[in-house]
Amino acid sequence: MLKLPSNRTVLWTVAVLVCLIGAIVALRALPPPATVPATRALASAPASAPKATPARVAATAASVAAARAITPPEISTMRVIVSRNDTLDHIFRRLELKLSDLASLRSLPGIRAHLDRLRPGETLTLIAKSGSLVGLERRLNIEQTLKVDRADTGFTANVLQNPLATRTRTISGSIESSLFESMTAAGGHDQTALSLADIFGYDIDFVLDIRPGDTFTVTYTEVLQDGKYLQDGPILAARFVNAGKEYFAVRYVAASGTADYYSPQGATLRKAFLRAPLEFTRVSSPFSLARLHPILNTIRAHKGVDYAAPIGTPVRAAGEGRVLFAGVRGGYGNLVELDHSRGITTVYGHLSRFAKGLHAGEHVAQGEVIAFVGMTGLATGPHLHYEYRVNGVFKDPQTVKFPEGLPIDAASRADFLAKSAPLLASLDPPPGPALVSR
């Protein structure tokens with residue numbers, strides 16, 4: 001049976017509804033609030049604010065002006081990636097910063113040298129307020145940062161030290177397709193792969209000689225900053241097995257502070273010539289006394305080695321020497337010829353262009369970039385034609401025996417053996433799980 005509400009409940013409900021309806025009617029009957037001019041800043045004033053009068057509006061405008069006077073303009077932080085041929089003058093103009101601030105910066109003692117030479121690709125951090133420079137930061141190198149701040153008396157500049165730490169790692173790998181891929185699979189980096197190729201590059205041609213199944217073990221340093229990996233340091237010791245033959249290298253720093261790589265017996269790995277004047281490319285045509293010429297279609301000797309590589313690939317001097325010729329020569333196209341004394345000359349042909357400023361009579365260092373790969377002259381595709389001659393006789397650059405460098409001197413031999421022993425031992429770590437930290 002349905003139970004009806006009591007009379008008391010019904011009366012209470014009716015009273016509440018009457019009150020609500022009365023409140024709504026009263027609110028609708030109120031006059032609209034006075035409109036305050038757009039200059040007001042008291043947007044947070046309560047709804048019950050008194051009606052605006054001319055005196056009150058004037059007081060409000062004065063308050064807004066005072067508030068704007070004490071509120072600082074917005075400070076912006078801008079990070080700029082330096083472009084080629086960029087200068088701080090160009091950057092200040094692009095960002096519409098005051099050139100007078102740049103002049104003040106450059107007048108600080110000892111700071112101008114840190115500002116005038118920018119490196120393409122580096123990042124600058126600039127802090128500005130209303131077109132005025134407030135601060136600037138530039139990473140000078142991995143260990144130093146230039147920090148500029150604006151003070152009441154002008155700019156102050158300090159070179160901050162970025163503390164570094166190092167740790168030693170030993171990794172091993174097996175070549176399957178390329179040294180780069182194998183190094184990455186072993187937990188290393190491209191930087192160490194390049195260093196490994198440079199160290200053994202006098203004995204091993206990393207273009208022609210590398211075979212699947214070749215192995216390497218490398219002990220090297222990693223550079224850390226604030227506990228995080230920054231970059232690879234130098235290789236300390238290395239072993240490379242190429243076609244079953246073992247090659248060893250150990251780094252030794254002489255008393256003079258110079259560092260180089262030696263065999264375990266103290267013989268230098270640095271030869272007078274590099275096996276290949278290009279890095280990581282392929283041989284498209286080896287040295288041969290009877291080759292079918294691809295353009296002339298005749299059998300003739302190919303008294304050099306052709307390295308296929310994209311146009312613009314840097315070509316390095318195989319050894320220290322003097323430029324005999326740099327120009328165009330018949331089927332060679334653009335050509336560089338170097339004299340290395342002792343009757344040895346090297347030739348680099350089919351070049352797209354020469355290194356800036358290269359000319360006959362100039363001295364070049366081993367490994368220095370002298371030109372760039374092209375396909376000038378009689379060439380069916382982009383490649384470098386490289387020749388090695390001894391007293392005018394053509395030799396196969398891949399097999400000729402190069403002159404040896406100087407070994408460890410007798411006075412340093414005991415120190416060398418003592419310091420190299422633990423480094424060479426690191427290439428044969430004890431069996432068991434290895435912990436690799438990152």
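This is a predicted model: local features need pLDDT of at least 70, side-chain atom pairs count only at pLDDT 80 or more; totals for chains, interfaces and linings use all residues.
Local features require pLDDT of at least 70 and side-chain atom pairs pLDDT 80 or more, whereas totals for chains, interfaces and linings use all residues. Residues are numbered from 1 along each chain as its sequence is written, and side-chain values use heavy atoms, without hydrogens and water.

Helix α4 spans residues 99–106, and its buried residues are Asp101, Leu102 and Leu105. Buried denotes under 20% relative accessible area, exposed over 50%, and partly exposed the range in between (1.4 Å probe, protein chains only). Helices (H or I, at least four residues) and strands (E, at least two) are DSSP runs, numbered from the N terminus.

The largest nonpolar core has 26 residues, among which Tyr307, Val315, Val336, Leu338, Tyr348, Ile370 and Leu384 touch the most other members. Such a core is a set of buried Ala, Val, Leu, Ile, Met, Phe, Trp, Tyr and Cys residues joined through side-chain atoms within 4.5 Å. A second, separate core of 22 residues includes Ala193, Phe200, Phe216 and Tyr261.

Salt bridges (a side-chain nitrogen of Lys or Arg within 4 Å of a carboxyl oxygen of Asp or Glu) number 19. In one of them, Glu222 pairs with Arg167, with the closest N and O atoms 2.9 Å apart. Because Glu222 belongs to strand β7 (residues 215–225) and Arg167 to strand β6 (residues 165–174), this pair ties together parts 55 residues apart in sequence. Glu222 is buried at 0% relative accessibility, and Arg167 is buried at 19%. Arg329, Glu337, Glu387 and Arg389 are linked in a network of salt bridges.
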